[in-house]
Amino acid sequence: MVIEIEKPSSVRLSKVAISKTHGEDSPYFAGWKAYDENPYDEVHNQSGVIQMGLAENQVSFDLLEKYLEEHHEASSWGKGAPGFRENALFQDYHGLKSFRQAMANFMEQIRGGKVKFDPDRIVLTAGATAANELLTFILADPGDALLVPTPYYPGFDRDLRWRTGVKIVPIHCNSSNNFQITPQALEAAYQSAESMDLKVRGILITNPSNPLGSTIQSSILNDILDFVVHKNIHLVSDEIYSGSTFSPSEFVSIAEILRNRNYKDAERVHIVYSLSKDLGLPGFRVGTIYSYNDDVVTTARRMSSFTLISSQTQHLLACMLSNHEFTQNYIKTNRERLNKRYDMIIQGLKKAGIECLKGNAGLFCWMNLSPLLNEPTRQGELELWNIILNQVKLNISPGSSCHCSEPGWFRVCFANMSEQTLRVALQRIHKFMEQRKVCSVNR
Amino acid sequence: MTQTRYYRTRSPEPEKEKTGGGGGTAMRVIVPLQGVVQGRGGLVLGSIIPCALFYFLQFYLKRNRDDPDDKNESNSTGQNPTTRSPSSEHLTELPGLTRSLSRALLSPRNSGPVSISARVSGIVKGGDSPYYMGLKRVKEDPYDELDNPNGVIQLGLAENKLSLDLVKDWLAENAREAILGNGKELSISGIAPYQPFDGLMEFKVAVAGFMSQVMENAVSFNPSQIVLTAGATPAIEILSFCLADTGNAFLVPTPYYPGFDRDVKWRTGVEIIHVPCRSADNFHLSIAALDRSFNQAKKRGLKVRGVIISNPSNPAGNLLNRETLYSLLDFAREKNIHIISNEILAGSTLGNEEFVSMAEIVDQEDTDRKRVHIVYGLSKDLSLPGFRVGVIYTFNEDVLAAARKLSRFSATSAPTQCLLISMLSDTKFVRTFITTNWERLQRMYVQLVAGLEKMGIKSIKSSGGFYCWADMSGFISSYSEKGEVELWDKLLNIGKVNVTPGSCCHCIEPGWFRFCFATLTEKDIPIVMERIQKVLKPVN
């Protein structure tokens, strides 16, 4: 007699849990695996993979350390810890008033005092990742669309779409005009969404841009604002790199554009900010939404219950960011150092015969390797990327993972390593380019 | 005076008892209030007729709906149906979210102010429930012995202030080194850069150890099965996203923690089906009731994906015993669904019963591990709600993988993790804290219960948590939610004490109130009693 053993039916997970919308199977993330398995180390592993795919700012750690060294009250609660009790119990989604005030001041300083920010319009989230997702939940319903200019940060595919069920429709930009957004491109994207029967709820721009490493010009910001007013949709300006512009005068925030218009139409504009890039503190998980729309502020605040910042962290940063002397010095010094790094990498790449997009901000440069492609396709780009990862041992981000419409562009980060390591990376690139020249000559 | 505490004395053995299917039908006949429609034929009719009527009503409303975004299902007087609807087995919680989606399609584009999503417009326009209104009132006018003796005394927020001084003392001595150094040279580069979003491994190890300690070492937790989140709130939401699709449902025994309505349902579009527990059973969970609710949901075409239990339960303060947990596992296996066990108060037991974690149950049961997921956090047992540390503990690899990725939206802060690694690794401190905390909780509980009894207010015997679940039905003007809310209002505005009315917890019987005692000092108790006495007028 055959005894049938019933296999216990395995309990199922949700569609969200099994979906691939998190995008972590793309090359952007695959390169990280290669790095994790064989990470470069100045001393212990000089032949390892150098991580140039992570936009982290390590150039100004010493300034932070110095501050903490001199200000004990930030990392403790003082002798006898008088403020501790309230702090440990504080789970109010409004956030510490002193911290919101400090954030507002910091954001004002970054913009050279040209605009004012109201601390009561600041909603705190655990990182900009959460801020962008939260705004998407608030501004769009499942099945709706957001327009995003390409190339864009690969993480948006996950942050804006995964749990929200919202779609991204690209606003195509290309190298003919340095990847700037045009009114024609905006309209084309909008029409494209309509033809797919998608309701467009807003546009999300990153200014300064990731991966381009450049600021959006004032005239273009005005065009975009006119467009969203005309279509009656929202505008989210992710200004996470605003403090990382090499020259303060070159960055124009959407807040300034609004101020110039006396804040007419402001209720459709929302700014995302974070301390992960400018202050180099991604581990702290600090992000903010600044909205000119009362309903959005109220709702975002309630929704931030899912992503509150540790009160201890808020306390620490409130102390630090309220120190005017510290912030002034930090912003200025950080800019100078990033500028220096940028010049270093651009010169180094130029010597190797590689051109980059003219950049003026951020922790990376946008490198043009299209002359090196076997074929001017995404496939060709990925082949080249693989060679650079496995032979040259550099993890850089292929433009296709940023949805760039032109193959051959790569994002290269320069601020997450020491100057020495950057020199090593440039040497490797130089050698690689030399070898290719030799190969092509001998053909 | 301290009662002898029940301590674990033996190692747990599997004592499974299968609940027979046949016993279920008989039980259905017995339970009161359901006598009208229960019984074999009545069960079918009693389910189908109201459901049919319900569907026709929905259909009718949808067809005739033409109001723009401004009118909404909630009005501002606090009558928000999603938090205060009377719990009835035959009605599911109406998802205000999916209902209003149709509204978004009707509002014309390019005219009027720019619209926000339908999924949140209800939240903006809707009023607050008593739960949130009460918290707000306390914030505006908080009691202070010296500075504001006429302020509102807080008994509506489950914070544990009783043992905060112990944590404070530890921090005063150790904080700085803990955050930045951990014994090494002070350095920001350890905590500043990107860390794994689901938490530092060192911290997971420390948390696993702590969880084991609070559960009296009856079970050990594997750090690799932990995903850390910014509080238990996102932990519950992440599990809800992972285990159910929009439109699916979880069974949740009532009365339950009011926050579940937000955590489980809001952004996920998942529904909660109330499974009423009754005072006759001391509000203990009944598997038969779960079974009934499951079957009714099935008939209505609602897919149930799991059960969410809280152990210790909030607000009733019950501990689920071994037998019930095994029965629950059997039930979940039979229906092929998940179990989420919210054990956030595991370390706050009152000493009269043993706490058994779901982890202990599946320790022996290999096959069903994949359906069990535990939620924990440091907000209650360690009194640190501000630091935002929550835990998802699961045996299911796929859930782990998904939850790890989702934790990026709700990650814990690195400096806070470093601080707590130090604290939790100080096992001597932890041991002292846990035992002192037990004593203080127990003492305060006993005093509060005694005070209430003197006024003729009886409460369920609590075995864990910060609450006293008290029956004030003798003092409400009408045996209804309205009468209950009237009393709540008087207690808040005349008596100046904030307590939580049972309707916020979806209790099916009116008149029950939740009193949280862990925010009080011993001096507060007589004042609280005095104020309550002032308000009470026995109803004939």
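## Elements and loops

Helices (H or I, at least four residues) and strands (E, at least two) are DSSP runs, numbered from the N terminus. In this predicted model, A:Asp265 lies in the loop of chain A between helix H11 (254–260) and strand S7 (269–274). Phi of A:Asp265 is near 70°, which is a positive value in a residue other than glycine.

In chain A, the bond from A:Asn210 to A:Pro211 is cis, with omega near 15°. A:Pro211 belongs to the loop between strand S5 (200–206) and helix H10 (218–231) of chain A. In chain B, a cis peptide bond joins B:Asn311 and B:Pro312, with omega about 0°. B:Pro312 is located in the loop between strand S5 (304–310) and helix H12 (322–335) of chain B.

## Confidence of the model

The model scores ipTM 0.93 and pTM 0.86. For chain A, the mean pLDDT is 92, and 96% of the residues reach 70 or more.

For chain B, the mean pLDDT is 81, and 75% of the residues reach 70 or more. Residues 65–110 of chain B have a pLDDT below 50, and the model gives this stretch 103 contacts beyond near neighbours in sequence. The pLDDT also stays under 50 over residues 10–40 of chain B, a stretch with 41 contacts beyond four places in sequence.

## The two domains of chain A

The domain assignment divides chain A into domain 1 (27–62 + 327–436) and domain 2 (76–322). Taken over C-alpha atoms, the centres of domain 1 and domain 2 of chain A are separated by 26 Å. Their contact takes 33 residues from domain 1 of chain A and 41 residues from domain 2 of chain A. Together these two domains of chain A bury about 3100 Å² between them, with 58% of that area on carbon and sulfur atoms. Within domain 1 of chain A, the residues that lose the most area to domain 2 of chain A are A:Arg335, A:Asn360 and A:His403, together 23% of what that side buries.

Between domain 1 and domain 2 of chain A there are 0 salt bridges, while 20 residue pairs are in polar contact. On the side of domain 1 of chain A that touches domain 2 of chain A, at least two residues each come from helix H2 (27–37), helix H14 (324–351), strand S10 (364–368) and strand S13 (409–413) of chain A. H14(A) gives the most to this side, with 9 residues. The residues of this side of domain 1 of chain A divide into 17 nonpolar, 11 polar and 5 charged.

## The two domains of chain B

In chain B, the domain assignment gives domain 1 (126–163 + 431–536) and domain 2 (181–426). The centres of domain 1 and domain 2 of chain B, taken over C-alpha atoms, are 26 Å apart. Domain 1 of chain B brings 31 residues to the contact, and domain 2 of chain B brings 39 residues. About 3100 Å² is buried between domain 1 and domain 2 of chain B, 56% of it on carbon and sulfur atoms. B:Trp438, B:Ser463 and B:His506 supply 21% of the area that domain 1 of chain B buries against domain 2 of chain B, more than any other three residues.

The interface of domain 1 and domain 2 of chain B has 0 salt bridges and 18 residue pairs in polar contact. Helix H6 (130–140), helix H16 (427–454), strand S10 (467–471) and strand S13 (512–516) of chain B each supply at least two residues of the side of domain 1 of chain B that touches domain 2 of chain B. The largest share of this side, 8 residues, comes from H16(B). By class, this side of domain 1 of chain B has 18 nonpolar, 8 polar and 5 charged residues.

## The interface between the chains

The contact between the chains takes 83 residues from chain B and 86 residues from chain A. Chain B and chain A bury about 7300 Å² between them, of which carbon and sulfur atoms give 58%. B:Val114, B:Tyr194 and B:Phe409 supply 11% of the area that chain B buries against chain A, more than any other three residues.

Across this interface of chain B and chain A there are 3 salt bridges. One salt bridge joins B:Glu237 and A:Arg163, whose closest N and O atoms are 3.9 Å apart. Among the elements that give two or more residues to the side of chain B that touches chain A are helix H7 (164–181) and helix H9 (232–243) of chain B. H7(B) provides the largest share of this side, 9 residues. By class, the side of chain B that touches chain A has 43 nonpolar, 19 polar and 21 charged residues.

How values were computed
Residues numbered from 1 in each chain as written. Chains lettered and ligands numbered in written order. Predicted model: local features only at pLDDT ≥ 70, side-chain atom pairs only at ≥ 80, totals over all residues. Heavy atoms only, no water. pLDDT = per-residue confidence, 0-100. Contact = heavy atoms within 4.5 Å. Domains from an automatic or database assignment. Buried area = accessible area lost by both parts, 1.4 Å probe. Salt bridge = Lys/Arg side-chain N within 4 Å of Asp/Glu carboxyl O. Polar contact = N/O pair within 3.5 Å; in protein donor to acceptor, adjacent residues only side chain to side chain. Nonpolar A, V, L, I, M, F, W, Y, C, P; charged D, E, K, R; others polar.
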